[in-house]
Amino acid sequence: MNKQTLEHMKQLRLYGMYRAFDSSLSPQSINYTNDELIAYLLQSEWDDRQNRKIERLTKAARFRYSAVMEAIDFDASRQLDKNQIQRFASCEFIKQKQNILITGSTGAGKSYIASAIGHQACSLGYKVMYYNTNKLFTMLKTSKADGSYLKQINKLEKQDLLIIDDFGLKALDAINRHSFMEIIEDRHGEHSIIIASQLPVEAWHEIIGEQTIADAILDRLVHNAHRIHIKGESMRKKMKNKD
């Protein structure tokens, strides 16, 4: 009977329940009451499905770093507001459709913080996508050539959180500028975005180019954005000195 029940669980794809019930049959297992066993099996199935969902969301996000909020370095030299960053762990900013703009010098840890917030969002069930700026615009240009541009734009629009890293390494050309405007316009008041850049926000106007479009983009990005500016020496340099 137990063997048949286990097989039915596998066929129904109740994998968490299957593993829990299988372990409950061992001589060393806890002697559950009927109510306790049902609760144990249901909780195991729930946990398994949640873990698999988080794994799917994290894989789909394609993060640059496997980062966690708990590992963010709050050394005094970085002048980070610990309370501010820890509040991002609740992802309330996503519920409020707010943005986060992270600036700082090369190696300051901008990408890590952006990725850590993104990983946290995935763990809470949000759809996240991470892109390096150059790769994002290269993908969009290619999609215009092969006819899949609208599909890619719609995919970006559906994300609860879009992370754009290394913004501002080079000025936007006309094609990228209009694509960027479309992305920001689609997300404004609907979904959140995190942008990480070496340049201060005040310099983004020049990077975007074409005053009217730059004004429109920055107005939508900045007015409801939280800002993080990281100071101190390069984290890569610090880690190298420790070796």
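Predicted model: local features only at pLDDT ≥ 70, side-chain atom pairs only at ≥ 80, totals over all residues.

Residues are numbered from 1 along each chain as its sequence is written, and side-chain values use heavy atoms, with hydrogens and water left out.

**Exercise 1. Find where Q79 sits and state whether it is buried or exposed.**

Step 1: Start with the position. Q79 belongs to the loop between α3 (34–61) and α4 (82–87). Helices are DSSP runs of H or I with at least four residues, strands are runs of E with at least two, and both are numbered from the N terminus.

Step 2: Check the backbone. Q79 has a phi near 55°, which is positive although the residue is not glycine.

Step 3: Turn to accessibility. Buried means under 20% relative accessible area, exposed over 50%, and partly exposed in between (1.4 Å probe, protein chains only). With 51%, Q79 is exposed.

**Exercise 2. Describe the salt bridge between R64 and D165, and work out which parts of the chain it ties together.**

Step 1: Recall the idea. Side chains of opposite charge can pair when their charged atoms come close. A salt bridge here is a side-chain nitrogen of Lys or Arg within 4 Å of a carboxyl oxygen of Asp or Glu.

Step 2: Apply the cut-off. The closest N and O atoms of R64 and D165 are 3.3 Å apart.

Step 3: Locate both ends. R64 is in the loop between α3 and α4 and D165 is in strand β3 (residues 161–167), so the pair ties together parts 101 residues apart in sequence.

Step 4: Compare the surroundings. R64 is partly exposed at 40% relative accessible area, whereas D165 is buried at 0%.

**Exercise 3. Examine E210 and its salt-bridge partner R177.**

Step 1: Look at the contact. The side chains of E210 and R177 form a salt bridge with an N to O distance of 3.5 Å.

Step 2: E210 is partly exposed at 44%, while R177 counts as buried at 11%.

Step 3: Finish with the backbone. E210, which is not glycine, has a positive phi near 50°.
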